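Thanks for coming. I will take a few minutes on one assembly and how its chains meet.

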Protein chains: 2
Amino acid sequence: MFGLIDHVGVATEDLDAALATYEGTFSMPVVHRETIAEQGVEAVLLDVGPCHVELLRPLGPETPVARFMTRNGGPGLHHVAYRVDDIDATLTELAGRGIELIDTQPRAGIRSSRVAFVHPRATGGVLTEIVEPAEGH
Amino acid sequence: MFGLIDHVGVATEDLDAALATYEGTFSMPVVHRETIAEQGVEAVLLDVGPCHVELLRPLGPETPVARFMTRNGGPGLHHVAYRVDDIDATLTELAGRGIELIDTQPRAGIRSSRVAFVHPRATGGVLTEIVEPAEGH
């Protein structure tokens with residue numbers, strides 16, 4: 001069903017400090033930076049072989065990532081994303097298996113990907129994203 | 001420095017329920033099951049392409065994973081692990097870059113791997129593991 005772990009999402013209050021660790025210390029190349037207003041974040045994507053780390057800075061206190069950091073007591077691991085070839089087929093299959101989806105239809109994700117979230121209630125407390133990358137990524 | 005995301009660790013109170021999701025609904029094959037007394041967990045490893053999900057059930061209330069679930073308010077995403085070819089060289093390099101390590105020397109991980117943890121203080125709140133898989137994995 002899933003090809004691999006596409007990325008982990010890391011919530012941060014300070015993108016520069018996070019980049020000092022992930023780009024500086026861990027030598028992960030930055031491949032993309034984007035403000036995704038719909039999700040209330042500024043996001044930076046770094047390569048880790050075929051996978052990525054996605055750093056997420058909330059655009060305001062009422063955004064999902066800011067609320068996550070309040071609940072979490074600070075920055076940390078926010079979600080995991082699995083890569084698929086055909087997100088429409090995957091969502092149909094997951095819905096058919098009775099899993100609770102946040103998004104029953106794909107929406108726009110980072111770097112022109114199509115994404116959908118599965119509810120953490122359905123996955124043992126893990127916010128889970130499904131990603132169909134844009135062609136060429 | 002890191003080859004790819006080796007796995008995400010998911011803390012759970014109920015391995016059977018977690019397996020119903022990850023093996024059942026998400027069709028991830030179970031490839032290994034092991035009690036790691038030193039880490040206070042029973043762990044199940046599932047394949048996601050070249051990556052894995054590691055389900056972790058604490059063996060008692062005073063274990064790190066049980067304490068994580070108390071802090072977290074329940075089960076959830078516990079850590080991310082990056083794969084390396086030579087964990088000794090990686091730890092030397094990370095220490096040379098001044099990053100705070102929990103383990104300055106590798107210790108035994110799941111499925112005969114060698115692992116070490118980086119302190120969440122050094123990584124924006126993300127418990128981060130470095131994994132050198134055993135030969136053949």
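**The interface of chain A and chain B**

Let me start with which surface each copy uses. Of the interface residues of chain A, 100% are also interface residues in chain B, so the copies meet through the same surface. Keep in mind that this is a predicted model.

How are the two copies placed?

Now the contact itself. On chain A, 38 residues are in contact with 38 residues of chain B. Between them the chains bury about 2700 Å², and 70% of that is on carbon and sulfur atoms. Which residues of chain A lose the most area to chain B? They are A:Ile5, A:Phe26 and A:Leu77, which together make up 22% of what that side buries.

Next, the polar side of things. How many salt bridges does the rule find across the interface of chain A and chain B? The count is zero. For polar contact, the rule finds ten residue pairs across this interface, with both residues at pLDDT 80 or more.

As for secondary structure, the elements of chain A that give two or more residues to the side touching chain B are strand 1 (4–11), helix 1 (15–25), strand 4 (51–58) and strand 5 (76–83). By class, that side of chain A has 22 nonpolar residues, 15 polar ones and one charged residue.

That is the end of my part.

Notes
Residues numbered from 1 in each chain as written. Chains lettered and ligands numbered in written order. Predicted model: local features only at pLDDT ≥ 70, side-chain atom pairs only at ≥ 80, totals over all residues. Heavy atoms only, no water. Contact = heavy atoms within 4.5 Å. Buried area = accessible area lost by both parts, 1.4 Å probe. Salt bridge = Lys/Arg side-chain N within 4 Å of Asp/Glu carboxyl O. Polar contact = N/O pair within 3.5 Å; in protein donor to acceptor, adjacent residues only side chain to side chain. Helix = DSSP H or I, 4+ residues; strand = E, 2+ residues; numbered from the N terminus. Nonpolar A, V, L, I, M, F, W, Y, C, P; charged D, E, K, R; others polar.
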